[in-house]
Structures are given as structure tokens and as C-alpha cells.
Amino acid sequence: MKPLFALLAALVLVLGGCSAGEAPGSAGDAAEEDRPGLGTTVLAPAEYDLAQEFHNGYAFACKGEDCGYIDRSGTFLPLYTFPEESREVFLQCLAEGGLYNQLPASEEGLVPVCGEAGLWGYYDLGKGERVIPCRYKTGVPFSEGRAAVCWEEAGATRYGVIDTAGELVFSVDGISGGVYKNGLLAVQLPGEDVGPEGEPVNRWALVDRDGRAVVENYGAGIQGRVTVYGYPQVTGSDFENTLDPKHIVLYRQSPDPERAAASYTVVNNRGEVQFADDSLCFLSGFSEGYAFYQAEAGDRRLGVIDGSGKRLSGQVLENAAGFFGGVCWFQDEAGRFGFVDTGGRVLTAAVYTGLSGIAKNGRASVEKDGKYGLVDFAGTELLPFRYDYLYSDGGEVLIFGEGERYGLLGTDGRVVAEAVYDGIGTQQEGTFLMVLGGKYGFLALTE
């Protein structure tokens with residue numbers, strides 16, 4: 001079983017059959033042992049059937065039939081109950097839903113709550129009361145001060161976006177996904193476009209928090225017009241998961257198997273075009289103003305391109321990922337890892353057989369000769385290659401593995417929590433989601 005950081009988005013551990021068993025008697029003692037510097041304490045014991053990481057001071061969790069939220073004191077506040085016959089369906093939905101079935105608390109402390117009729121409303125964890133009635137068919141969480149909802153009216157399903165007071169901000173014909181990301185939401189707007197046979201054509205758009213169409217001509221099968229900004233018809237974008245909202249990649253699908261898309265246009269989250277290029281075979285998502293491109297169909301290697309469309313290097317990288325602190329990892333023909341900067345210049349040769357974390361603070365967890373260690377981007381060894389697993393997300397605590405068990409380690413190599421857990425998530429608001437004996441709980445970082 002891999003550590004949770006790679007699995008939490010889909011919550012596969014919930015349904016993956018973690019081995020049951022008694023919690024090791026030393027787990028709590030080891031976690032709470034008095035060590036110099038950083039340490040951990042058990043914030044919530046591993047007794048939950050499902051839990052998600054902390055956001056804005058609360059973590060969604062289920063125990064038995066009850067679902068609710070754990071606060072930073074470790075107190076569980078049950079908000080609603082799923083009977084046994086529907087509980088497995090609910091958990092399956094969460095497990096398969098990825099991003100859109102995460103149920104985090106919003107910045108305002110609002111969370112989705114399910115009422116007795118199976119309809120959803122919103123509960124204010126700070127006030128301790130339901131503030132928006134349970135009248136919606138889905139429980140999409142608030143994000144960026146908005147929630148995309150749907151409800152039954154006159155025998156039909158209607159869609160819209162509400163604010164934190166429960167007021168309808170605008171109505172739409174349909175919603176894709178439902179969570180605002182980088183100020184945008186994919187929706188289906190009323191329109192007058194028709195297809196070749198006179199049939200209505202979906203008019204999908206990316207809209208802002210007030211419902212203003214920022215990116216039109218968006219969505220599969222669109223026949224729509226070119227917008228004021230002049231970009232062509234697009235069939236998709238990376239707006240939901242981009243690391244750089246100033247550079248959102250729009251693309252139009254291509255029938256050519258040698259090309260990932262027929263054209264690419266890069267816009268910001270106001271819809272303003274940064275550049276367009278129909279000669280590229282592939283363009284990755286942007287991070288820190290840089291992305292990777294492939295221009296030659298016969299050459300699968302990647303080069304570095306900036307946010308204005310300037311190609312900073314030739315196609316020299318076999319594989320690469322996003323930039324963090326001006327550095328990214330790349331792979332050579334043998335699949336080994338090294339590091340390059342935004343100009344495509346090699347900082348560390350591809351000598352590592354594995355990589356499990358690259359961070360903005362100038363270090364990475366890498367594998368060599370079957371063991372993991374910690375290095376900087378020049379290849380200097382910071383922690384020796386003696387761990388079965390090691391992950392760094394840039395904080396002062398790393399996840400390490402011994403066999404199939406995981407614990408926490410300081411950057412100085414001192415153990416912060418013994419490797420007794422089935423899985424550990426990345427640090428969120430000073431806490432770590434952990435799995436022990438098939439149940440979920442939380443560790444809190446202490447000074």
C-alpha cells in the first residue's frame with residue numbers, strides 16, 4: 001500500500017480492504033514520545049471508517065452511520081446519518097468521485113449537510129446551525145464563496161450558483177463538475193446556436209463568480225462563434241487543475257493520432273489570450289509561468305516554453321513534470337530522474353531510479369539502489385539513502401517507510417512518529433491523516 005498522499009483524491013483506501021487488526025500498543029506511545037524539537041500527538045484516534053484531510057480547521061469523517069466533521073481539538077461533530085442500506089453507496093460515490101466528492105469546510109466554515117429527505121443544505125460549523133435549508137439534490141461544497149447546486153422545480157431539474165447566504169446568484173442550463181477553481185466554473189448557458197439539422201447545440205462556457213462568460217466556444221461538439229478575444233473553438237481545458245491560473249490551456253481535439261490536440265490557446269482567468277499556437281503536437285499545463293511542449297510528431301521528447309509562447313529549449317527531455325521553485329524533474333531514456341531549471345538546463349544528471357516528492361525549498365526525495373534519500377537540486381545528499389520510502393512536500397516533516405509501514409521524519413533525520421501506520425497523508429494545517437488497522441485518524445504536529 002502506498003502512502004495516502006497519492007491516494008487521497010480518490011479515497012481508494014476506504015474501499016481497498018486495508019488489513020484489519022489491533023492498533024500496535026506502541027503507536028500512541030511512539031507518536032507522543034518526548035523528543036527534542038518537532039513531535040506529534042494523536043489528534044483523533046484511528047476509529048473512523050472514512051476521513052478526508054483538514055481544510056479551514058475541519059476534516060470530514062464518517063464513523064458508523066454518522067458523518068460529520070472533526071475540529072482541531074479532535075472533537076467529532078456528527079451532522080447527519082446514512083442508514084446501512086445507503087451508506088455503502090455514499091462511500092462508493094465518494095471513492096469514485098475524486099475532486100468533486102471531497103467535502104471540505106469552506107473559508108466561511110460552511111459544509112454540506114444531508115437532511116432527512118435526502119436533500120442537501122449547508123451547515124455553519126462556527127455558528128453550530130444549519131444556515132441554508134436542505135433543498136438541493138447534491139451536496140457540492142462551497143468554494144471561492146460560491147456553490148453550484150441543482151434542485152427540482154415543476155418536474156424538471158434546474159441548475160444555478162448560490163452565495164454563502166443561500167441566495168441564487170445566477171441560473172444556468174447545466175453544470176460540469178460543480179466546484180469553482182481559479183475563479184472559474186464550467187457551465188451550460190442558454191443559447192440560440194443550432195446544429196446542421198436545426199437541433200439545439202450545447203453552449204458551454206467558463207464563467208466567473210457572477211456568471212459572466214469568460215471563455216466561450218467551450219465543450220465537445222460546440223458549433224459556436226469566436227469570442228471577442230479571438231480564440232478558436234475549444235473542446236477542453238486544464239482550468240480545474242492548473243497550477244498557474246495566469247496560464248490556462250485551452251485545446252481543440254485533433255483526429256490525428258500523432259497530435260494530442262489540433263490547436264492550443266493559453267488564456268488567463270479573465271479570458272485574455274496570452275498566446276495561441278496550432279503547430280504544437282502537445283502542450284502541458286503551466287506552473288510558475290512555464291510548460292512543456294512537443295512540436296515534432298516524430299520526436300516525443302519535450303522542451304520548455306514560457307507563458308508568452310517562447311520556446312526556451314529544444315525537445316531534449318524524455319519526460320518532465322511541473323516546476324517548483326524554478327526547478328522540475330525530468331527523465332532520461334532509461335526512466336531515471338534528474339533536475340532541470342526553467343531554461344531546460346540540467347542541474348542534476350538523471351541518476352535516480354525513483355522520485356517521490358519535489359519541493360519549493362530546494363530538495364527532493366529520490367531513490368537510488370533500491371533505497372530513498374533526500375537531496376538538493378545540485379545532487380548533494382541531505383539524508384542518506386537508507387529508507388524504504390521517503391516523501392517531501394516542502395515542510396519540515398517527511399513521510400518515511402519501513403517495509404509496509406509509514407511514519408514521520410524531521411529533515412535532520414530524527415524520527416517524529418514511528419513507522420507503525422498503514423498510510424499517512426501529507427501535512428495539512430499541521431495535521432496528518434493516517435490509517436491504522438483499516439481505520440482513519442489524525443496526528444497533529446507539535447513543537
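The structure is a predicted model, in which local features need pLDDT of at least 70 and side-chain atom pairs count only at pLDDT 80 or more, while totals for chains, interfaces and linings use all residues. Residues are numbered from 1 along each chain as its sequence is written, and side-chain values use heavy atoms, with hydrogens and water left out.

**Overall composition**

- The protein chain contains 3 helices and 37 strands; both are DSSP runs numbered from the N terminus, helices being H or I with at least four residues and strands E with at least two.
- Of the 447 residues in the protein chain, 52% are buried, where buried means under 20% relative accessible area, exposed means over 50%, and partly exposed lies in between (1.4 Å probe, protein chains only).
- Among contacts between residues at least 6 apart in sequence, 38% join residues at least 24 apart; a contact requires heavy atoms within 4.5 Å.
- The protein chain exposes about 19,600 Å², of which carbon and sulfur atoms supply 47%; accessible areas come from the Shrake-Rupley method with a 1.4 Å probe, and for residues only the protein chains shown count as cover.

- Strands in the order 2-3-4-5 form an open sheet of 4 strands with antiparallel pairing; two strands pair if DSSP finds at least two bridges between them.
- Strand 2 (50-51) and strand 5 (76-81) stand at the edges with a single partner strand each, so one side of each has no neighbour in the sheet.
- Strand 3 (residues 58-63) pairs with strand 4 (residues 66-71) in the antiparallel sense over 6 bridges.
- Tyr58 has Asp71 in strand 4 as its bridge partner.

- Another open sheet consists of 4 strands in the order 16-17-18-19, with antiparallel pairing.
- Its edge strands are strand 16 (236-237) and strand 19 (273-277), each of which pairs on one side only.
- Strand 17 (residues 248-252) and strand 18 (residues 263-267) run antiparallel and are joined by 5 bridges.
- Arg252 has Ser263 in strand 18 as its bridge partner.

**Loop residue Asp332**

- Asp332 is located in the loop between strand 24 (327-331) and strand 25 (337-341), and Asp332 is buried at a relative accessible area of 16%.
- A polar atom of the Asp332 side chain lies 2.9 Å from the backbone nitrogen of Arg336.
- Apart from its neighbours within four places in sequence, Asp332 is in contact with Glu318 and Ala350.

**Salt bridges**

- The structure holds 15 salt bridges, each defined as a side-chain nitrogen of Lys or Arg within 4 Å of a carboxyl oxygen of Asp or Glu.
- Asp422 and Arg405 form a salt bridge through their side chains, with an N to O distance of 2.1 Å.
- Asp422 lies in the loop between strand 34 (415-421) and strand 35 (423-424) and Arg405 in strand 33 (residues 405-410), so this pair ties together parts that are 17 residues apart in sequence.
- Asp422 is buried at 5% relative accessibility, whereas Arg405 is partly exposed at 37%.
- Arg414 and Asp412 form a salt bridge whose closest N and O atoms are 2.6 Å apart; Arg414 is partly exposed at 41% relative accessible area, and Asp412 is partly exposed at 47%.
- Arg301 and Asp299 meet in a salt bridge at 3.1 Å, N to O, and Arg301 is partly exposed with a relative accessible area of 33%.

Methods
A polar contact is a pair of N or O atoms within 3.5 Å; within protein, one must be able to donate a hydrogen and the other to accept it, and residues adjacent in sequence count only if both atoms are side-chain atoms.
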